[in-house]
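Take a look at the structure below. This report starts from one residue and then widens the view.

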Amino acid sequence: MPTRSPTMLDDFLVRATLAGLGVVLAAAPLGCFVVWRRMAFFGAATAHAAVLGVALSLALSMSIFVGVLAVSLLMAVTVSLLSDRGYAMDTLLGVMAHSSLAFGLVAVSFLSDVRIDLMAYLFGDILAVGRSDLAIIWGGSLLVLGLTLWRWQALLLTTVNADLAYAEGLEPSRERLILTLALAIVVAVAIKVVGVLLIAALLIIPAATARPFSRTPERMAMAAAGLGALAVLGGMWGSWQWDTPTGPTIVCVSATLFALLAGLARSLPGRHRAV
């Protein structure tokens, strides 16, 4: 019998690195809008809802990606609809985030016939990424990136000035829905990499780090992507060297970059902020 020659994708470290880079490719520009619109809690709430999506996916024997995407999107749309009925956004996000996380954890406890590594979903299991996972991650990330680039000017205008967007014939609520859809997709593809509890960090920290050094929104998005990629590579190396959890280590590297560059930004004259 002929033996199959090993390929680069047979190396789990290569697959893990490619998975991390695929996630930050989509998370970087999207994270900029999260920072500009002050939607940090929104991203965290969407991520927490993913636990319920995991439980439903396992109970119904369906794809984790599909279940997480459906629940995350449902939660985000529900919050958007209820916010138009007089409820404060931060209150709604708090109720929905913690409720969906609690319901998800309770639902998981009922799945006695299914073996579940809950920690892998909470904090990620990037080293267990397979080829099919890699295809889903890159497919979802490219979809989000394409959607963001397609609606970039409209999203940017509605972020800066909603009244001006109306005058230009744009509908801010539609652009918010597009942003919500993109966030749900990022949560669904990133769950394998950093887990539901750390997804918001990967969205926010690189964008927040890049903001003081960026003169334009486009440069901020590119800088955030570079910083996110650096965090992935540094986190992979640190995890390998010190035998630490890979997903949390990636976030730790990203937070360290934020702390170092925030100190540098304070000492620079004439700092610029994109938005």
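S254 is found in helix α13, which covers residues 246–267. The model is a predicted one. Is S254 buried or exposed? S254 has a relative accessible area of 4%. The cut-off for buried is under 20%, so S254 counts as buried.

Which residues touch S254, apart from its neighbours within four places in sequence? They are I205, P206, T209 and A231.

### Helix α11 against helix α13

Helix α11 runs over residues 199–210. Helix α11 packs against α13 at an angle of about 20 degrees. Their axes are 9 Å apart. Angles under 35 degrees count as roughly parallel, and α11 and α13 are therefore roughly parallel to each other. Their crossing is left-handed.

### Helix α8 and its partners

Helix α8 covers residues 152–160. One partner is helix α1, residues 12–36. The two pack at an angle of about 15 degrees, with axes 10 Å apart. They are therefore roughly parallel to each other. α1 passes α8 in a left-handed crossing. From α1, the contact takes P29, F33 and W36. From α8, it takes W152, L155, L156 and T159. These residues divide into 6 nonpolar, 1 polar and no charged.

Helix α8 also packs against helix α12, residues 217–242. What is the angle between α8 and α12? It is about 110 degrees, and the axes are 12 Å apart. Angles of 65 to 115 degrees count as roughly perpendicular, and α8 and α12 therefore fall in that group. W152, Q153 and L156 of α8 meet P217, E218 and A221 of α12. By class, this contact has 4 nonpolar, 1 polar and 1 charged residues.

| Helix pair | Angle | Axis distance |
|---|---|---|
| α1 and α8 | about 15 degrees | 10 Å |
| α8 and α12 | about 110 degrees | 12 Å |
| α11 and α13 | about 20 degrees | 9 Å |

G31 sits in helix α1. G31 is buried, with a relative accessible area of 0%. How far apart are G31 and L203 in sequence and in space? They are 172 residues apart in sequence. Their C-alpha atoms are 4.4 Å apart in space. Leaving aside neighbours within four places in sequence, G31 is in contact with L203 and A207.

V129 lies in a loop, between α6 (118–123) and α7 (131–150). V129 counts as buried, at 0% relative accessibility. F12 is 117 residues from V129 along the chain, and their C-alpha atoms are separated by 7.3 Å. Beyond neighbours within four places in sequence, V129 is in contact with R15, A19, L134 and K192.

Helix α2 covers residues 40–48. Of its 9 residues, 7 are buried, so α2 is largely enclosed by the rest of the structure. The buried residues are F42, G43, A44, A45, T46, A47 and H48.

Helix α3 covers residues 50–59. Here 7 of the 10 residues are buried, so α3 is largely enclosed by the rest of the structure too. Which residues of α3 are buried? They are A50, V51, G53, V54, A55, S57 and L58. S61 follows α3, and its phi is positive, near 55 degrees.

### The chain as a whole

The protein chain has 13 helices and 0 strands. It has 275 residues, and 48% of them count as buried. Take the contacts between residues at least 6 apart in sequence: 76% join residues at least 24 apart. The chain exposes about 13600 Å², and carbon and sulfur atoms supply 66% of that area.

Technical notes:
Residues are numbered from 1 along each chain as its sequence is written. This is a predicted model: local features need pLDDT of at least 70, side-chain atom pairs count only at pLDDT 80 or more; totals for chains, interfaces and linings use all residues. Side-chain values use heavy atoms; hydrogens and water are left out. Axes are lines fitted to C-alpha atoms, for helices over the stretch in contact, and angles run from 0 to 180 degrees between N-to-C directions. Helices (H or I, at least four residues) and strands (E, at least two) are DSSP runs, numbered from the N terminus. Angles under 35 degrees count as roughly parallel, over 145 as roughly antiparallel, 65 to 115 as roughly perpendicular and the rest as oblique. A crossing is left-handed if the near helix is turned anticlockwise from the far one by less than a right angle, and right-handed if clockwise. Contact means heavy atoms within 4.5 Å. Ala, Val, Leu, Ile, Met, Phe, Trp, Tyr, Cys and Pro count as nonpolar, Asp, Glu, Lys and Arg as charged, and the others, Gly among them, as polar. Buried means under 20% relative accessible area, exposed over 50%, partly exposed in between (1.4 Å probe, protein chains only). Accessible areas come from the Shrake-Rupley method with a 1.4 Å probe; for residues, only the protein chains shown count as cover.
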